[in-house]
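Hi everyone, thanks for making time this morning. I'd like to walk you through one model, so please have it open while I talk.

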Amino acid sequence: MSETPRSFATAQVQAGYRPGTAENTAVPPIYQSNAFEFSSLSEARDRFALRRDGNIYSRAANPTVLVFEERVAALEGGIAAAGVASGQAAVALSLLALAKQGEHIVAANQLYGGTIDLLQDTFADWGIEVTFVDQDDPDAWRAALRPETRALFAESVTNPIAQVLDVRTVARIAHDAGVPLVIDNTVATPYLQRSKDFGADIVVHSATKFLGGHGTALGGAVVDLGTFDFTADPARWPQLTEPYRRVPGGSLVDRFGATGSPYIALVKTKYVHDLGPSLSAFNAFQLLQGLETLDLRMQRHSATALSAARFLDAHPAVAHVHHPGLESSAWHTLARTYLPRGAASVFSFDLHSTGDPDADFALVERFIGRLEVVRLVANIGDARSLVAHPASMTHSHLTPRQLADAGIGPTTIRLSLGLEDPADILADLDAALVWTRAARATVGTLGA
Ligand SMILES: *Cc1c(COP(=O)(O)O)cnc(C)c1O
């Protein structure tokens, strides 16, 4: 990969792109071509054998996607990345490259709903067992370990409750067991947390969210931080240490161990190649545009969210605010260590529950219906401010037990605050809360 520019802000604008193509564009162009022409059959043969670098076919590699991969790797301090079609693909492929049938993963139970579906349903179909644990309980992580365990998986900041992971502690448990820690860093982004600094080995992203930042392109990334030594126990990782038929020159470690990432080579040459969740050149281009302003956007997102959290915390219609920037949060101390530049703009709050599920739903519906600036959309990390009701939307497949474990109640409302004027966002939330309280007063169930 290219030399990494020294500072975050320079890397987010420049990493991975070297001008000098025929047209010498200042901005990485969209290479909207499925395939690439060879100058001769000998050249085609050498490229297929990976003896010579060069483009072949965009499912495997595309020049615009390569710039995105290098830039995300630079921002995370990693050695290589794979750009894929969605965050869901990034999570799935990152783990499939570590655990196969008969093997095992330990995961936090406070995960994104789609990840829980993947791990407990599809991975179960494929014979990969997953044990879910309370991410704040180190003994639970340790107790779940088995000889077949191949990865520990958690989110650095969870959604919707914004719990902050004690990354160092979980990394130590993973490393004592000889397995890597995989972190979904979607909500924090590398601007708010470089998980590598705290011991993570692999990072995944839904680039759909803050990395792209504008709600216009799905994408994902798997980043090898280069910290985990797969050769320390070669028998445990045959997919990397035994001869690999698809690439000449022995194992992936033999071929890429000195110069690149055997792990990312496996993700790309086997899982992206076989299953096909490639990132399109057009989406990579849009995600690159977003990355160029990541630090500026995250500063604004973070500051707006903290002021909204404080405002909600003081509001009589609100029962509880789940934001780690508040001193009252159980994760406030962890946030000071792991999110030194501020917390993310994804957080939740609970309205006072009526105790009756139908009345609670009506209350939340009334609140959301009154919002005008904050929009009802099942997404996070957009330039727009978004609201969702996890219990009936993103987390509706979860059992009551899983909802409780994840800290999601019937009146929990998730926000992902955007880049609008913070005063307009606060006024909008205030108007909706006043309206909601008035409704409660009329039915005589005022709980505040
Ligand atoms: C959205 C999200 C995903 C899935 O990403 P997609 O791009 O929607 O496939 C995974 N993890 C987290 C934390 C997310 O927020």
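**The ligand and its surroundings**

Let's begin at the ligand, where one of its oxygen atoms sits 2.6 Å from an N or O atom in the side chain of Thr208. Keep in mind that this is a predicted model, so every distance I quote is computed from predicted coordinates. Ser206 also takes part through its side chain, with an N or O atom 2.8 Å from a ligand oxygen. Gln88 uses its backbone instead: an N or O atom there lies 2.8 Å from an oxygen atom of the ligand. On its own the ligand has 380 Å² of accessible area, and the protein covers 93% of that.

Who else is around the ligand? Among the surrounding residues are Ser86, Gly87, Tyr112, Glu155, Asp184, Thr186, Lys209, Gly219 and Ile380. By class, the shell splits into seven polar, three charged and two nonpolar residues.

Now let's zoom out to the domains. The chain is divided into domain 1, residues 56–290, and domain 2, residues 294–443. Their centres, taken over C-alpha atoms, are 28 Å apart. Across the boundary, 37 residues of domain 1 are in contact with 42 residues of domain 2. The area buried between the two domains is about 3400 Å², and carbon and sulfur atoms give 63% of it. Which three residues of domain 1 supply more of its buried area than any other three? They are Tyr191, Leu192 and Phe210, which together supply 24% of what domain 1 buries against domain 2.

Finally, a word on confidence. The protein chain averages a pLDDT of 94, and 97% of the residues score at least 70. Residues 444–448 are another matter: pLDDT stays under 50 there, although the model has nine contacts for them beyond four places in sequence. Where pLDDT is low, predicted coordinates should not be read in detail.

Note on methods: Residues numbered from 1 in each chain as written. Predicted model: local features only at pLDDT ≥ 70, side-chain atom pairs only at ≥ 80, totals over all residues. Heavy atoms only, no water. pLDDT = per-residue confidence, 0-100. Contact = heavy atoms within 4.5 Å. Near = heavy atom within 4 Å. Polar contact = N/O pair within 3.5 Å; in protein donor to acceptor, adjacent residues only side chain to side chain. Areas by Shrake-Rupley, 256 points an atom, 1.4 Å probe, with all protein chains shown as cover. Nonpolar A, V, L, I, M, F, W, Y, C, P; charged D, E, K, R; others polar. Domains from an automatic or database assignment. Buried area = accessible area lost by both parts, 1.4 Å probe.
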